[in-house]
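Work through the exercises below with the model open beside you. Try each task before you read its solution.

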Amino acid sequence: MAKRIGMEVSLAVAEAVKLANTDVIAAYPITPQTHIVEHLSELVADGELDAAYIPVESEHSAMSSCIGSSAAGARTFTATSSQGLALMNEMIYIAPVLRVPIVLAIANRALSAPINIWNDHSDIMSVRDAGWVSVFAENGQEALDLTLISFRVAEDPEVSLPISMNIDGFTLSHFIEPILIPDQAEVDKYLPPFKPNLKLDIKDPISIGLLGAPECYTEARKATDNILWQSKNHVVKAFDEFNKVFGRQYHVVETYRHEDADTIMLMMGSIAETAMTAVDEMRDNGQKVGLVRIRLWRPFPEEELLASLSKAKHLAIIDRHAILGCSSGPVGLEVKSLLYNSNLKPNASNYIVGLGGRDVTRDDFKYIFEKASSGQVQTRCEFVGVYE
Amino acid sequence: MTKPTIDALAKVGDLPLGFTAKPGSTMDFKTGDWRSVRPILDREKCIHCAFCYYYCPDGVYKDMYDGKDDATKYFQADYDYCKGCGICAQECPKKAITMTLEEV
Amino acid sequence: MRAVEAVYEKVTAKNFPKGPDMLASGHRACQGCGEVLALRLLLKALGTEFIAVSATGCMEVCTGPYPQSAWRMPWIHVAFENAAAVASGVEAATHVLRRKGRGYNQRIPVVAVAGDGGTADIGLQALSGALERYHENFIYVCLDNEAYMNTGIQRSSETPFMANTTTSPVGSVTKGQYTWKKDMPAIAAAHHIPYVATATPAQHLDLMTKIRRAAAIEGPAYLHVYSPCPTGWRMKPELSVEICKLAVSTRIFPLYEVLDGRYQINRKVDNPTPIADYFKVQGRFRHLKENDVAVITERVNADYQRLVDLSEKFPVENPA
């Protein structure tokens, strides 16, 4: 039977990696990801997890080692944040085309400069084009569950892609929450052993990582794009199977009190917990507001998003990252682009919140609601609460 | 399928998973036409020392010795792949190999 | 176990490995490429059961243009600076899978291959990390052709003093490369790994024996292989093997091994060939004057003497 224990979310992610019987972990410490890899080191040191822990000398080497290890047929995990992900960038773009399943937990943290260790989504957004499946957790339970689900999706023979599991740095990674820790037997039922469909095998050698000339580069990129789009069905399947085993149902897009809402606030990550409280308070005041949260960021869940926004008159798209010199943040850009080609035309504005760990409060959401529900459309994103 | 604007090597759906290749498949590519000079062996002078075989960057030399007949004690270059670099002729201790201009 | 105790079979003319090369013909290396020659011999020495990892560079580009590959063993290339890190991952995976009963029954050598730029410049950090972590079945081969040849002969930290390259050109003010060649084997040895060795493809049996020894040793090994590049060195392609012999006989590239931190010179050079003989066949040194050659000769002799001193002070202790 699963046990409910109060546990730091980072440790819960590490416990999920242990329950997955991971073979290789290659990681480099960076705040706020450190507690994940510290706990994994302990689990390996105590023999609770039989894995190779490679204490690499950089994040670039962490992801390089992960690519090598996955290609050699080992279940592979790493974790990073911010500058670490930026240093990995080159490798992040290579892994999907080589079709090596890797689970990467990102404790999301702002990118320098100024140097800042606190939470926003600028790190993951720097690699949003790379071809990884990408999911965002809202709370501790989801972080643990999504870690297990990530292994299942990444290693699905029809997917065979790397996947990033995002948890907000500190505001999620360092919180202690009551978390149901599943049974090993349950996990074993859900997560089959890794059977790579591509492997460095001395009995059946292949060559991985070839030169792609102009005559085939486009096709190689498009093949990866195709498989990434197709992976959504496998994510949904993995969510449904998860529910069958563990009794918790996830969706690629989550909604809250949105059915009759005139104004929708759309976001990703843990701020949705605060936003739901704000929605409840505003609802108590008779304001028709609802919430949509993107759990699956890549591939972009177009149909599910459009369905969730079908009745919205006003749409506040909330970003945790600003694209400098551009009219919208990344979520804002993509949602507006999606709407442009649909018959939905809500008044959509984009709000940048919580950069570099600035608190995002219920009052912020109320402010955003007031602005959005006024019907006035802002062509440029607004940096909420900026002092200028 | 849309028509490719240039000669594409393969359709998207036909690419192998992970963009891989079969081992040793460069054998499909004959580098012999790079050659402007061809190594010719004088079998009379050949002492079967194998230096041409050891030192060929392209691995084109094959030991012809059948284990019985001394007349088969020599190494033959595979002209499908020989690029004509001339290392074999240079390193042959008996000067049994001469580089001769390819006839066009 | 000490490195000197590792059991391996020397490669000789008599027991030279039979069968097809592990690097197939049809690769696109230049005519007379000494680097691909070294690679071909190294891979042939290892049998068939090993995994190879390449850094980006000449050897990777010329052997793996989709849809073809020259490699006959499982091979992976990821990027330029990380062959050592990718090989670390492969090595750790084969190691742990074997322990968990899902791998091979025997040790599988993992061979990382990179050029001098991928080793001594951009790949140095990843290499240092891998050597320090002491991966058991890890062999790193630096194929040193003394510049970034794949991108068009730009200087690296392994380019010799005064060599002419496209980014250390000979001008009216400068005389080519203004720094001395980085001592990579010494850097590798400073990690106190069990085995470091230098080799050239001209001494082919020595080269092949050294990688066999590296594979037999439990722990990381580093091979620094002199790899002539006729294109980049402005040299006749047929001279690739001769130039190796000259590099050794002039003391420019001494052949030695560092076993368990102890030194052994494989080819003692008591009466060196004049270094001018080495320079005169290479266009990259065409501009050197007599006094330049004298300066270089002095340095080369001093470096050689230092190795001799090390081999006398810390000789390899062969097992009884």
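Predicted model: local features only at pLDDT ≥ 70, side-chain atom pairs only at ≥ 80, totals over all residues.

Residues are numbered from 1 along each chain as its sequence is written, chains are lettered from A in the order in which they are written, and side-chain values use heavy atoms, without hydrogens and water.

**Exercise 1.** Describe how helices α1 and α2 of chain A pack.

*Solution.* 
- Locate the helices: α1(A) spans residues 9–19, and α2(A) spans residues 34–45. Helices (H or I, at least four residues) and strands (E, at least two) are DSSP runs, numbered from the N terminus.
- Take the geometry. The angle is about 45 degrees, and the axes are 8 Å apart. Axes are lines fitted to C-alpha atoms, for helices over the stretch in contact, and angles run from 0 to 180 degrees between N-to-C directions.
- Classify the angle. It makes α1(A) oblique to α2(A); under 35 degrees is roughly parallel, over 145 roughly antiparallel, 65 to 115 roughly perpendicular, and the rest oblique.
- List the contact (heavy atoms within 4.5 Å). From α1(A), the residues include Leu11(A) and Val17(A); from α2(A), they include Ile36(A) and Leu40(A).

**Exercise 2.** Which strands stand at the edges of the 9-strand open sheet?

*Solution.* 
- Write the order: β9(A)-β2(C)-β1(C)-β3(C)-β4(C)-β6(C)-β5(C)-β7(C)-β8(C), with mixed pairing. Two strands pair if DSSP finds at least two bridges between them.
- Read off the ends. β9 (207–208) of chain A and β8 (262–265) of chain C each have a single partner strand, so one side of each lacks a neighbour in the sheet.
- Check one pair. β5(C) and β7(C) are antiparallel over 3 bridges. Ala197(C) has Glu257(C) as its bridge partner in β7(C).
- α11 (residues 290–313) of chain C lies across β7 and β8 of chain C, at about 120 degrees to β8(C).

**Exercise 3.** In the 6-strand open sheet of chain A, how does β15(A) pair with β16(A), parallel or antiparallel?

*Solution.* 
- Set the order: β10-β12-β11-β14-β15-β16.
- Inspect the pair. β15(A) and β16(A) run parallel over 2 bridges. Tyr351(A) is partnered by Glu382(A) in β16(A).

**Exercise 4.** How much area is buried between chain B and chain C?

*Solution.* 
- Count residues: 32 come from chain B and 37 from chain C.
- State the area: about 2900 Å², with 57% from carbon and sulfur atoms. Buried area is the accessible area (1.4 Å probe) that two parts lose on being put together, summed over both.
- Find the top contributors in chain B. Thr26(B), Tyr54(B) and Tyr55(B) lose the most area to chain C, together 23% of what that side buries.
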